[in-house]
Amino acid sequence: MTKPMRQSKFAVIAMVMQTAKDLLLPFVFVMLQGQRNFGQQALWTGGFLLIALVLGVVKWFFFTYELTPHEITVHQGVFVKRRTHVPFERVQTLTKTQPFIFQPFEVFQVRIETSGKADDQLTFNALTPAQIATIERYRQVAQTTSVGTKTTAQPQASATYQIDQRALIRYALTSFGSLGIIGVILTLLSEVSNHLPESVMAGLDHWLSGGSLMFYAMLTAVVIFLGIGVAFLKIYNQYYGFTLTRVGQHLAISRGLLTKHTMQLRTTRVQAIQLEQSLLRRALRLVTVSVFLASAVKSDKNEAHQTVLMPVIQTAEATQVLRTFLPTLPLPALQPVKTVPHALRYQIQYALWWGLGILSLVLGSYWLLASHWHWHNGVSDTVMMVVAGVLLLVWLSAAWLRMRDQRLTITGDILAIQTTPWFTKRQYYVRRDKIQGLNASQSLFMGPRQAQHLQVVVRHGDSAAVIDLRYLQADVVAQVRRWLIDVK
């Protein structure tokens with residue numbers, strides 16, 4: 001056993017920031033009580049920062065860890081002591097993150113997970129490369145040593161994939177995230193305009209009202225290009241230098257420009273493989289390869305998400321390259337699934353009724369408000385009807401594409417499914433023992449036609465993902481159920 005060790009002193013920065021965040025709400029509440037002059041406010045602020053600094057240093061001092069060839073033990077807590085033992089054989093993923101402010105100091109945030117639950121993980125605020133290398137060495141030896149045999153030899157990488165710069169640029173340019181960013185830009189502009197002086201707003205209104213059609217077109221183009229540019233920079237920063245390496249039964253992922261991420265995971269943690277293509281990337285024959293993990297890993301939006309293995313790769317090369325990283329998981333060819341006669345018509349009718357119902361509510365609400373506030377004019381009513389017609393056409397096109405793309409194949413203990421919800425084609429490859437559940441539903445309308453909807457439930461992060469196929473023949477659903485249950 002090694003002697004108790006502490007994190008890098010730069011961990012104090014993270015602990016102070018976390019302490020300040022925890023105390024921020026009480027501090028704001030106190031500051032809002034009564035009237036204080038500038039000197040008193042500065043004094044209170046200084047006291048708040050001093051308390052955060054002291055508590056951060058104390059937390060760092062009382063956070064220690066010990067290593068043995070079999071486990072890592074973490075001691076933490078000032079008044080309430082807590083000791084956590086994690087056997088290296090149970091470690092499933094080891095994730096390193098290096099924010100921009102940590103890069104000059106060569107320290108990393110480290111998270112070690114042992115299961116798919118958020119509570120079963122260790123988090124280090126700042127470790128040096130030497131400290132991380134020691135932990136990784138103990139983990140590799142513990143997980144690669146066979147029963148009754150001891151070895152210290154480090155396994156060699158057996159497969160490597162690195163993203164191509166041109167492919168990364170195409171991937172970033174074809175992201176639909178720019179649509180959301182454009183919405184954020186417009187929202188920010190609207191909020192800023194509400195806080196500008198009336199004289200400034202009057203000048204802007206006069207400037208905008210005197211513009212020509214070409215002026216408005218140029219202004220719209222600027223907003224669109226700004227949204228595309230921000231989305232491009234976000235994705236380029238996220239996946240810059242993306243490298244995937246397989247070492248034995250472990251996969252190592254490294255990526256990032258400003259914030260660098262490194263993740264190590266065991267292939268046994270993989271619940272399903274997903275190949276995803278948006279409509280634009282489908283036309284360009286580009287695909288994104290991801291895996292679902294039994295993991296508590298969170299995204300920037302604090303939601304569980306799949307782990308990307310290959311951000312972008314040519315469709316024809318995807319399965320061949322993927323086999324080198326997951327050789328024990330077959331990837332069978334997908335076959336058209338048997339649906340009931342006129343399944344396409346049923347799906348389009350279903351989408352049509354839902355679309356008409358929602359659009360009726362929206363248009364009804366618009367006309368009611370327009371009548372009350374006297375918004376009615378020929379142009380606005382025509383625009384609303386055109387928009388409603390376009391949305392309904394998009395809805396029906398999505399229904400048609402979804403039914404056309406449905407695929408299902410069972411080969412050995414592998415279930416392969418293809419579905420296209422809302423123009424995004426997804427292919428799933430799931431091993432039988434990784435399926436969490438199987439649901440079959442049938443409405444009164446579907447009963448006489450012997451049609452059923454099939455839902456396959458797969459572990460996805462700390463929750464579940466549902467893969468569904470629509471209007472299947474009843475014997476197809478029964479076949480899948482027998483395959484899942486009748487294990488010899």
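This report covers selected helices, strands and contacts of one predicted model.

Residues are numbered from 1 along each chain as its sequence is written, and side-chain values use heavy atoms, with hydrogens and water left out. Because this is a predicted model, local features need pLDDT of at least 70 and side-chain atom pairs count only at pLDDT 80 or more, while totals for chains, interfaces and linings use all residues.

**Helix H1**

Helices (H or I, at least four residues) and strands (E, at least two) are DSSP runs, numbered from the N terminus. H1 covers residues 11-31, which is 21 residues. From first C-alpha to last, H1 reaches 29 Å, close to the 30 Å expected at 1.5 Å a residue. That expected span is 1.5 Å times one less than the number of residues. H1 has a kink of about 45 degrees at Leu 24, shortly before the proline Pro 26. The bend at a residue is the angle between axes fitted to the seven residues ending there and the seven starting there.

Which residues of H1 are buried? They are Ala 11, Val 12, Ala 14, Met 15, Val 16, Thr 19, Ala 20 and Phe 27. Buried means under 20% relative accessible area, exposed over 50%, and partly exposed in between (1.4 Å probe, protein chains only). The buried residues of H1 pack against helix H2 (38-61) and strand S7 (121-127). Contact means heavy atoms within 4.5 Å.

**Helix H9**

H9 spans residues 315-325, and its buried residues are Ala 318, Leu 322 and Phe 325. Seen down the axis of H9, these fall within an arc of 50 degrees, so they line one face of the helix. The arc is that of the directions from the helix axis to the C-beta atoms. An α-helix has 3.6 residues a turn, so residues three or four places apart point the same way. Ala 316 and Gln 320 are exposed, on the face of H9 turned away from its buried side. The buried residues of H9 pack against several strands, among them S8 (159-162), S12 (270-277) and S14 (307-314).

**Gln 347**

Gln 347 lies in helix H10 (residues 343-373). Its relative accessible area is 6%, so Gln 347 is buried. Not counting residues up to four places away in sequence, Gln 347 touches Ala 399, Arg 402, Met 403, Arg 470 and Tyr 471. Gln 347 and Tyr 471 are 124 residues apart in sequence, yet 7.9 Å apart in space, C-alpha to C-alpha.

Six of the six residues of S16 (residues 414-419) are buried, so the strand is largely enclosed by the rest of the structure. Ile 414, Ala 416 and Gln 418 point one way, and Leu 415, Ile 417 and Thr 419 the other. In a regular strand the side chains alternate between the two faces of the sheet.

Two strands pair if DSSP finds at least two bridges between them.

| Pair | Bridges | Facing residues |
|---|---|---|
| S15 (407-411) and S16 | five bridges | Arg 407 and Gln 418 |
| S16 and S17 (425-431) | six bridges | Leu 415 and Val 430 |
| S1 and S2 (64-67) | two bridges | Met 5 and Tyr 65 |

S15 and S16 form a hairpin with two residues between them, and Gly 412 in the turn has a positive phi of about 65 degrees. The S16 and S17 hairpin has five residues between its strands, and Trp 422 in the turn has a positive phi of about 55 degrees.

**The four-stranded sheet**

An open sheet has the order S1-S2-S3-S4, with antiparallel pairing. S1 (5-6) and S4 (82-87) stand at the edges, each with a single partner strand, so one side of each is left without a neighbour in the sheet.
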